[in-house]
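Subject: Handing over the model, with notes

Hello,

Here is the structure that I promised to pass on to you. Please open it beside this message, and read the notes below with the model in view.

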Amino acid sequence: MIYTDSQLKEKIVRMIESFENEVVEFKEARTNYSFNDIGKYFSALSNEANLRELQEAWLIFGISDDKRYVGTEFRKQGSLQSLKKEIVNGTNERLTFLEIYELTMEKCRVIAFQIPPAIRGIPTTWQGAAYAREHESISPLPMNKVDLLRSQIGMDWSKEIVEDATIEDLDEEAIKRARELFSKRQSDRKKAQEVLKKLSDIEVLNKAGITIKGKITRTALLLLGKSEAKYFFDGFIPRITWTLYNADNSVKAYEHFDIPMLMAVDKVYSRIRNVKYRYIAGQQTLFPDEVDQYEPELIKEIINNCIAHQDYRLRGKINVEEFEDRLVFINEGAFIPETIEQALEPGYKPPYYRNVFLCNAMVNLYMIDTNSMGIPMMYQIQRDKCFPLPTYDLNTINRVTVTVYGKILDKNYTQLLYSNEDLDMRTVFLLDKVQKQEVVSKESFKDLKKKGLVEGRYPNVFVSFKVADIVGQKAAYVRNKGLDDDICKQLIIKALQSMGEASKRDLMEVLEKALPEVLRDEQKSKKVSNLLQAMKKDGIVVTTGTNRYAKWYLIKK
């Protein structure tokens, strides 16, 4: 929970009245305070919050041990909020403050650091060591507390039973859809459908790993819950918000989509404008490709991943922001692989799942993949279109922002990918960073330059303008293979539109440069005859006369 100033002031007063406990630490810090000690308190208070099943712990500056307001000058000149990023470098799991508040109480400046609980099963460490509170001091985390924390490895927010919730709190349409998707997941679908028809809704949900012995879990409410059942989530609403922006970044429209999340995914997708985008991917053709700006599979994969991996303890929402040329997806929670490069490694497996029960249920409903292939798949979809790869922004602590582009950023990058189908994903990833003017390592730059893929002086690098050279290396191949039949047919159509009618000999002259050079004249003649007959069969052209007197025309529609 993020507090308003008035809410937090009331909370601090209550914390003072209840005296200091294991999850609250008051410090005067009149002028400054040791950064290393802040890190130790972060570890200790985070671990204690976890063990007491609390959502937060507090380190508060500007209040003395005897609970007097004394004020603090700590980082008064600025850089207070940068402490969030600084602390990440010393903690495990990229943990940092949920929020840092600057308040005035009794005419004194007070700073309140809101600390998250340790991730279940994983003690929070500072510089590799885990700490605990022992009354007024900090000490290494004792073994009994280490064991308690590690024993939680099987505990899971999404698996917890929601008391008082029943199947009546689940949406009927969502349950019906879940039954359909679960039967689709079975290896023998026909047999599974017959069996599942005989089972009650709660029996199917048990088998799908959504409920536990008929009891309603948080996962069941999240995926299938009625909209009015959102009060079970204790003060926050699981929500996806879609926002459409004008060209000047002002808001044009928005809409909220609450539980059931199983149904929300398609509703969000239906709001996204997905127009056709035309572009020329290769230099050896004048005919543009026409594709959807965004592949439906990619968009739904990202939304489903946001649902699966959101840290619901942070009480945030999923944001889908639509701009003219890109989509931006924002969800709360640290990026578990830590780096996108690691997630793209062949065979990568995450060290843990944030919502294990939820993830398994979504796998059973065909919403996400069980083999951690989501990110590589999304990258491959964009790579196959020669589009920019999705960009992952991990700079904001406990937040993942993914941008998907619906247009070409650098035609040299696009033509490079089109001309080099065998480029491995690591190379494509690096080239994508270059086209987005992101800095790559010196070693990566040298490797790309050695391959002739980039130019410039480090760090001012750009995708090589020598794309034509690469296409030129394939020129002999193109001359020998000829252009695709579809391109040849387009040339015939253009010629007939211009000429009105044409003989086969006329059309052979039109196609002279498009036909394979390795063919003999009679083979070229046969090739053109086959193209014309195929177009005639498709209702595109018609002929009058016979043999050498035959004339070809376009069929008017």
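Which residues in α19 meet which residues in α21? Before the answer, a word on the basis: this is a predicted model, in which local features need pLDDT of at least 70 and side-chain atom pairs count only at pLDDT 80 or more, while totals for chains, interfaces and linings use all residues. Residues are numbered from 1 along each chain as its sequence is written, and side-chain values use heavy atoms, with hydrogens and water left out.

In α19, Asp 485, Cys 488, Lys 489, Ile 492 and Ile 493 meet Lys 527, Leu 531, Leu 532, Ala 534 and Met 535 of α21, where contact means heavy atoms within 4.5 Å. Of the residues in this contact, seven are nonpolar, none is polar and three are charged (Ala, Val, Leu, Ile, Met, Phe, Trp, Tyr, Cys and Pro count as nonpolar, Asp, Glu, Lys and Arg as charged, and the others, Gly among them, as polar). Helices (H or I, at least four residues) and strands (E, at least two) are DSSP runs, numbered from the N terminus. Helix α19 covers residues 485–499 and helix α21 residues 521–537, and they pack at about 75° with their axes 11 Å apart; axes are lines fitted to C-alpha atoms, for helices over the stretch in contact, and angles run from 0 to 180 degrees between N-to-C directions. The two helices α19 and α21 are therefore roughly perpendicular to each other (angles under 35 degrees count as roughly parallel, over 145 as roughly antiparallel, 65 to 115 as roughly perpendicular and the rest as oblique).

Next comes a sheet. Six strands form an open sheet with mixed pairing, in the order β9-β8-β12-β13-β15-β14; two strands pair if DSSP finds at least two bridges between them. Its edge strands, β9 (251–258) and β14 (391–393), each pair on one side only. Strand β8 (residues 239–245) runs antiparallel to β9 and is joined to it by seven bridges, with Arg 239 having Asp 258 as its bridge partner in β9. A hairpin is formed by β14 and β15, with five residues between them, and Asn 398 in the turn has a positive phi of about 55°. Six of the seven residues of β15 (residues 399–405) are buried, so this strand is largely enclosed by the rest of the structure; buried means under 20% relative accessible area, exposed over 50% and partly exposed in between (1.4 Å probe, protein chains only).

Helix α9 (residues 261–271) packs on the sheet, where it touches β8, β9 and β12 (318–322). The buried residues of α9 are Met 261, Leu 262, Ala 264, Val 265, Val 268 and Tyr 269. They cover an arc of only 160° around the axis, which puts them on the same side of α9 (the arc is that of the directions from the helix axis to the C-beta atoms).

Finally, some backbone details. Ile 259 and Pro 260 are joined by a cis peptide bond with omega of about 5°, and Pro 260 lies in the loop between β9 and α9. Ala 29, although not a glycine, has a positive phi of about 45°, and its relative accessibility of 8% means that Ala 29 counts as buried.

Best wishes
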